[in-house]
Amino acid sequence: MGWVATSAGLAGLDYDAAARLNQLPPMEVPSGTVLFSPGDAVKGYVIVLKGRVSVSLTGVSGREMLLYAVTPGQSCIQSTLGLMGGEDYTAEAMTEEHCTLVMLPKPLFLSLLNESSAFRSVVFSAFAERMQTMMHLLEKVAFQRVECRLAAHLLDRAVDGTLLATQQELAVAVGSAREVISRRLDAWSRHGWVKTSRGTVEITDKEALQALADETV
């Protein structure tokens, strides 16, 4: 059957395209592995079968911002742009957890894009969805307050009310500075909204954070 039949978004591919993809072996990649860095040439199209890959940008000041995360069924806009336009990577991609990935070499990607309408539809649909996500990110960073973005991130990523993340990781995720995140969390802790410890944030007043997260741009 091959991995294509169980991959999110690829089950409807035509037989020839699926057969060519199934010849590629899935790779097991440990958490914390850098998949590409700024200036690297784009060598292929990565399909995430399991896990989560974060793609972040570092400014000239050294501050990082999470652009997006790639999970099963989603695409990496940096890779797609590089493969179709020839540009090098401008961001860094790192596995957030143990991942199962498949790398489509550039020649195979371009060949399937040209010859398989089903594959082309998958790529462009995922690309359009990712572009919409990027537009929402730009809107939030430009117009939404840091505390609103932080509240939304905590609610989205917490498991059973607890998020394992450092203040620096939270700062990257919401496009802010660690010092700003520290001040917000300290204030929320005094209000009884969260409890913090090293590398951990526990949500103790979900309604208060939800009210912040729901503020319109």
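Which helix lies across strand 3 and strand 7, and at about what angle does that helix run to strand 7? Helix 3 (residues 106–115) lies across both strands and runs at about 75 degrees to strand 7. Axes are lines fitted to C-alpha atoms, for helices over the stretch in contact (heavy atoms within 4.5 Å), with angles from 0 to 180 degrees between N-to-C directions. Helices (H or I, at least four residues) and strands (E, at least two) are DSSP runs numbered from the N terminus.

This is a predicted model, in which local features need pLDDT of at least 70 and side-chain atom pairs count only at pLDDT 80 or more, while totals for chains, interfaces and linings use all residues. Residues are numbered from 1 along each chain as its sequence is written, and side-chain values use heavy atoms, leaving out hydrogens and water.

Three strands form an open sheet in the order 1-7-3, with antiparallel pairing (two strands pair if DSSP finds at least two bridges between them). Strand 1 (27–29) and strand 3 (44–50) are its edge strands, each pairing on one side only. On average, neighbouring strands of the sheet are turned by 40 degrees against each other, direction ignored. Strand 3 and strand 7 (residues 99–105) run antiparallel and are joined by six bridges; I47 has V102 in strand 7 as its bridge partner.

The whole structure has zero disulfides (cysteine sulfur pairs within 2.5 Å). C76 is in none, and the nearest cysteine sulfur, that of C99, is 13 Å away. Two cysteines count as buried (under 20% relative accessible area; exposed is over 50%, partly exposed in between; 1.4 Å probe, protein chains only):

| Residue | Relative accessible area |
|---|---|
| C76 | 8%, buried |
| C148 | 1%, buried |
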